[in-house]
Amino acid sequence: MSTGELLSIEPVELKFPFELKKQISCSLQLSNKTDSYVAFKVKTTNPKKYCVRPNTGIVLPRSTCDVIVTMQAQKEGPPDMQCKDKFLLQSVKTDDGASAKGINAEMFNKEAGHMVEECKLRVLYVAPPQPPSPVPEGSEEGSSPRASVTENGNASSADFTTGTRAFTERAEVQDKSAEARALISKLTEEKNNAIQQANKLRQELELLRREGSKSRGGVSLMIVVLIGLLGIIMGYLMKKT
């Protein structure tokens with residue numbers, strides 16, 4: 001941090017994580033230490049290489065202002081990662097209520113008798129942030145992360161196999177239940193048909209008995225046959241039940 005009478009500037013070294021073909025930015029914070037309006041202006045020895053926003057401005061009393069410095073994408077890296085570029089930040093008291101539009105070069109002219117405060121800023125190239133290091137083969141407890149992943153994979157596979165087996169067994173049970181219901185329905189239908197036939201034969205037998213009584217004759221051969229058929233049907237029904 002650079003502490004002058006007007007502004008405190010942080011940091012005093014512009015550190016850029018250098019990467020080829022990539023724009024890189026860093027920021028400055030200007031803090032007004034006075035009860036006056038302070039105008040500032042940022043200059044650089046290499047204006048084509050850097051973009052400063054804002055490069056001029058007003059810092060209100062007891063307040064702060066952020067300045068963003070952007071380095072344009074570079075096609076080649078500097079030798080030994082050394083940079084000779086420099087920045088100069090000038091500051092001067094101005095009238096209360098002044099705005100950035102009223103800033104001009106004459107305000108920072110020392111020869112005109114203005115009290116101009118200056119701070120030089122260096123540019124440093126630093127290594128870009130490294131990606132996270134890969135997980136080591138073994139942890140301090142002696143377990144292997146890969147082994148843990150494999151174990152988790154096997155557990156998932158076992159769960160899937162168990163679920164598939166349960167689904168298959170459930171489907172088989174449902175199929176068997178459907179077959180059983182169909183068989184019961186068929187047997188019930190056959191039973192009802194047999195009962196209907198038995199009732200019909202019983203009615204015919206009763207009719208024959210009445211006719212036989214009227215004719216005063218004995219039991220005819222037809223009656224014997226019907227009784228035999230009725231007995232067969234009833235026996236069949238008993239087996240089904």
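This is a predicted model: local features need pLDDT of at least 70, side-chain atom pairs count only at pLDDT 80 or more; totals for chains, interfaces and linings use all residues.

Residues are numbered from 1 along each chain as its sequence is written, and side-chain values use heavy atoms, with hydrogens and water left out.

Asn32 belongs to strand E4 (residues 24-32); strands (E, at least two residues) are DSSP runs, numbered from the N terminus. Is Asn32 buried or exposed? With a relative accessible area of 4%, Asn32 is buried, the term for under 20% relative accessible area (1.4 Å probe, protein chains only). A polar atom of its side chain lies 2.8 Å from the backbone oxygen of Ser36, and the backbone oxygen of Val59 lies 2.9 Å from a polar atom of the Asn32 side chain.

Now for the sheet. Five strands make up an open sheet with mixed pairing, in the order E3-E10-E9-E5-E7, where two strands pair if DSSP finds at least two bridges between them. Strand E3 (13-17) and E7 are at the edges with a single partner strand each, so one side of each has no neighbour in the sheet. On average, neighbouring strands of this sheet are turned by 25 degrees against each other, direction ignored, using axes that are lines fitted to C-alpha atoms.

Let's follow the pairings. Strand E3 runs parallel to strand E10 (residues 117-126), joined by five bridges, and Leu14 stands opposite Val123 in E10. Strand E5 (residues 37-44) is antiparallel to strand E9 (residues 86-94), with eight bridges between them; here Val42 has Leu89 as its bridge partner. Four bridges link E5 to strand E7 (residues 56-59), again antiparallel, and Ala39 faces Ile58 there.

Finally, look at the packing. The largest nonpolar core has 27 residues, of which Leu7, Phe16, Phe40, Tyr50, Val69 and Phe87 touch the most other members; such a core is a set of buried Ala, Val, Leu, Ile, Met, Phe, Trp, Tyr and Cys residues joined through side-chain atoms within 4.5 Å. Apart from it lies another core of eight residues, including Tyr37, Ala39, Val92 and Phe108.

Methods:
Axes are lines fitted to C-alpha atoms, for helices over the stretch in contact, and angles run from 0 to 180 degrees between N-to-C directions. Buried means under 20% relative accessible area, exposed over 50%, partly exposed in between (1.4 Å probe, protein chains only). A polar contact is a pair of N or O atoms within 3.5 Å; within protein, one must be able to donate a hydrogen and the other to accept it, and residues adjacent in sequence count only if both atoms are side-chain atoms.
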